[in-house]
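Keep the sequence and the model open as you read.

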Amino acid sequence: MARTLDHLFDQNVVWAHRKTRDDPGFFRRMAEQQAPRYLWLGCSDSRVTANDVLGLEPGEVFVHRNIANMVHTSDMNILSVLEFAIDHLKVEHVVVCGHYGCGGVQQALASARGSMLDHWLQPLTMMYHKHRSLIDAIPNEVERLNRLCEVNIEMQVRRVAATPIVENAWARGQSLHVHGWIYAIHDGLLRDLGPHLSSISERDALPSIDQRVASPVEPISAMRRQAIDVFSNKAIPELPATLCCTPLDGPARPHTATDCD
Ligand SMILES: [Zn+2]
């Protein structure tokens with residue numbers, strides 16, 4: 001087995017050459033500053049890379065990833081990222097993005113315990129155990145996992161919105177929006193789960209995560225319904241091309257160009 005990774009250096013040279021050829025000023029601009037509008041808090045899964053999923057270039061999205069896109073309020077790593085992104089980079093949007101079929105979330109459903117990962121996933125595991133009768137009542141194993149993937153995102157959005165970093169930004173009038181999204185690896189599409197939070201009052205008006213677990217995640221967007229149906233091998237309904245950003249607590253509405261800003 002090769003001890004060096006020369007092929008990756010070779011690929012890097014090809015990539016840098018292609019970038020320079022297509023956009024001669026690219027690396028000069030990158031070296032001068034970064035001004036991303038978005039902070040992505042996602043899962044470490046190698047198939048869910050923020051720039052690719054969002055179709056963004058380097059410099060356009062600030063990224064933090066960990067297993068199962070967890071937000072621990074004692075995690076200096078994520079708190080430092082959050083503070084730098086909000087206070088210094090002045091990002092306008094924080095997106096917590098998980099994905100269906102998440103192996104980290106699956107671990108929270110498992111009975112075996114004792115690994116470091118189990119410590120990491122503890123808040124989610126506790127949530128599952130608290131509402132076990134509701135989650136376990138879902139007959140399909142894949143749907144059960146995906147339901148917990150959605151719940152996890154809603155929970156982490158609430159945790160982001162409860163940090164003093166976000167609270168202070170809102171208190172001083174900084175424009176900052178927190179989103180909960182989920183990604184489906186099987187079709188490469190993002191779904192907007194909600195909630196959308198832009199102020200302390202919006203955060204405080206949210207139903208508790210316990211209430212959200214107890215009640216179905218409805219109204220459900222057509223795109224989310226389609227993703228769930230694909231995983232559970234149900235007949236896949238025709239997907240309306242105009243629906244993308246159905247609000248969690250409102251009626252479906254046509255997608256507009258600014259919906260996903
Ligand atoms: Zn994952």
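## Terms and model

Two residues are in contact if their C-beta atoms, placed from the backbone, lie within 7 Å. A residue is buried if 20 or more other C-beta atoms lie within 10 Å of its own, exposed if 12 or fewer, and partly exposed in between. Helices (H or I, at least four residues) and strands (E, at least two) are DSSP runs, numbered from the N terminus.

This is a predicted model: local features need pLDDT of at least 70, side-chain atom pairs count only at pLDDT 80 or more, and totals for chains, interfaces and linings use all residues. Residue numbers start from 1 along each chain as its sequence is written.

## Overall fold

The protein has 13 helices and five strands. Of its 261 residues, 31% count as buried. Among contacts with a separation of 6 or more, 64% join residues 24 or more positions apart.

## Helix 7

Helix 7 spans residues 122-130, and its buried residues are Leu124, Met127 and Tyr128. They cover an arc of only 100° around the axis (taken from the directions from the helix axis to the C-beta atoms), so they lie on the same side of helix 7. Exposed Met126 and His129 sit on the face turned away from that buried side.

The buried residues of helix 7 pack against helix 5 (103-109), helix 8 (132-136) and helix 9.

## Helix 10

In helix 10 (residues 164-171), Val166, Ala169 and Trp170 are buried. Seen down the axis, they fall within an arc of 95°, so they line one face of helix 10. The face turned away from the buried side carries exposed Pro164 and Ala171.

Cover for the buried residues of helix 10 includes helix 4 (76-88), helix 9 (141-161), strand 4 (177-184) and helix 11 (200-204). Gly173 follows helix 10, with a positive phi near 85°.
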